[in-house]
Structure formats: structure tokens, C-alpha cells
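Below are some notes on the aromatic contacts in this model. Please read them beside the sequence and the coordinates.

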Amino acid sequence: MMIKHMNSLQKLPLLLLMYIAAMLLLDAGGGDVWLAAKLYNLQGQQWLLQDHWLTEQVLHKGARTLNYVFCSVVLLLTLYRLVHYKKYPAKARRYAALSLSLIFSFALVAYLKSITNIACPWDLAMFGGTEPYYHLLQARPSNLRHIQCFPAGHASVGYAWVALYFFIKQTAARWRYAGLAAGVFTGVVLGINQQIRGAHFLSHDVTTLLLCLLCAKICFMLFAPTRRPVEETASQIHFGRTENT
């Protein structure tokens with residue numbers, strides 16, 4: 001089991017290197033400010049779409065409400081599976097891993113937002129606000145107000161669902177990339193929406209995607225690891241029936 005867990009983490013260094021490269025380009029390289037300036041100028045040097053009904057009511061508040069509904073459904077299904085754990089242990093573990101992945105993704109992003117003290121584009125003097133710009137690794141002076149803008153909280157509403165890749169991989173493996181695409185697509189749409197409103201830089205969204213991927217990977221690795229056929233068969237015999245997978 002330990003060897004299998006180690007093998008499943010082999011791609012982690014590559015993922016982290018890709019993230020570092022992206023952050024060097026976006027934050028240190030100025031890509032964040034360049035893209036935000038383009039969006040700001042396209043709106044007449046203002047965040048014209050900040051309070052638009054589509055960006056605020058539908059893609060911000062509406063998407064968040066819909067996410068609450070989907071998460072509630074997953075939690076209820078997880079509770080049902082856990083109640084019937086002895087009959088269908090593998091399914092219970094999969095649903096538990098999915099629920100935990102969603103919970104940890106939202107919680108981790110929210111916690112980091114509360115402590116990082118990073119400004120949003122709309123807060124910055126260069127984009128109509130009052131705050132000076134600081135890179136992610138620069139410390140903000142203590143006399144400035146505390147701001148909670150990094151990583152991107154709203155994008156996690158979409159990116160957290162990349163956990164569907166790992167969930168579907170164990171139930172209908174050929175559709176696993178559809179689950180991944182659903183999470184990534186939703187996260188990209190919600191992330192772009194917030195960038196258009198001036199709420200986040202692109203690097204904030206990239207960070208959220210990484211965090212959600214790591215939460216999903218770790219939760220499924222620990223709570224619902226892929227089982228070898230002989231192990232699954234032994235479990236089915238123990239509980240006296242074949243479990244549908």
C-alpha cells in the first residue's frame with residue numbers, strides 16, 4: 001500500500017514545477033498586471049462589469065447557490081452510503097473521499113484567503129482603487145488594511161469538482177476525463193468572471209486549481225485508494241455478495 005501511494009505521487013514534482021513556472025510568469029513576470037490592465041482598459045478604465053447582473057447575480061451569487069445544492073446532494077449520498085457501509089464498502093469510501101475533497105478544498109482556500117493579505121485588482125491605485133501593488137511574496141506594510149483576495153475563493157466553486165475525475169475513475173473509468181473537464185471548465189468560467197469584475201488576478205485562479213487538485217488527490221489516495229482485483233474480490237466474498245462497481 002505504501003509503495004502504491006508513493007507511485008501515485010510521482011507526478012507531484014512536475015505539477016509543482018509547472019505551478020512555479022506559471023507564478024514566475026504571472027506574478028514576478030508581470031503577466032497578472034498586464035492581463036488585468038487589458039481587461040480594465042477594455043471596460044473604459046473602470047470595472048464596468050463589477051456589478052453587472054450577469055457577472056454578479058448569475059455567475060457569482062447564482063453559481064455559489066447552485067454549488068451549495070450540488071454539495072448538499074453529495075453529502076446526503078455520502079451519508080446514505082456510510083449508513084450502508086457493510087453492504088457497499090467501496091462505494092461508501094468513494095463518496096466519503098469526494099465529500100472530504102470538496103470540504104477540504106473550500107476550507108483550505110478560504111483559510112489561505114484569510115491569512116495571505118493580498119489585494120484584489122479593484123483595490124489597487126493603478127486600477128481605480130487606493131492600495132499600492134505588492135507581489136505575492138512581498139510583505140504588505142502593517143499600516144495598510146488587511147485584504148483577503150488570494151487565492152481565488154469563487155473559482156474554487158468550480159475547481160473543487162476536479163475531484164470528479166478520481167471519483168468517476170473508480171466507477172466508470174472511460175468517463176473520468178469528462179469529470180475533470182467539468183471541474184476545470186466551471187472553474188475557468190467562474191475565474192474569468194471574477195477577473196473581468198476586477199476581483200482576482202489570473203495567478204489567484206491558478207493557485208486555487210493547484211490546491212483543489214492536491215486536495216482531491218490526497219483524499220482519494222487516503223480514503224478510497226484504487227484496489228487490486230484480488231483485494232476487491234476478497235472483500236466481496238467477506239460481505240457475502242458482489243458489489244456493483
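Is Phe166 buried or exposed?

1. Phe166 is buried, at a relative accessible area of 15%. Buried stands for under 20% relative accessible area and exposed for over 50%, with partly exposed in between (1.4 Å probe, protein chains only).

2. The model is predicted: local features need pLDDT of at least 70, side-chain atom pairs count only at pLDDT 80 or more, and totals for chains, interfaces and linings use all residues. Residues are numbered from 1 along each chain as its sequence is written, and side-chain values use heavy atoms, with hydrogens and water left out.

3. Rings of Phe, Tyr and Trp (its six-membered ring) pair if their centres lie within 6.5 Å; planes under 30 degrees apart are stacked, over 60 edge-to-face, and the rest tilted. This rule gives nine aromatic pairs. One of them is Tyr165 with Phe166, edge-to-face at 5.1 Å between centres and 90 degrees between planes. Tyr165 is also buried, with a relative accessible area of 15%.

4. Tyr165 pairs with Tyr177 as well: the centres are 5.6 Å apart and the planes at 50 degrees, so this pair is tilted. Because Tyr165 lies in helix H7 (residues 163-169) and Tyr177 in helix H8 (residues 176-197), the pair ties together parts twelve residues apart in sequence. Helices here are DSSP runs (H or I, at least four residues), numbered from the N terminus. Tyr177 is partly exposed, at 48% relative accessible area.

5. Tyr165, Phe166, Tyr177 and Phe220 are linked by ring pairs into a cluster.

Key:
Helix = DSSP H or I, 4+ residues; strand = E, 2+ residues; numbered from the N terminus.
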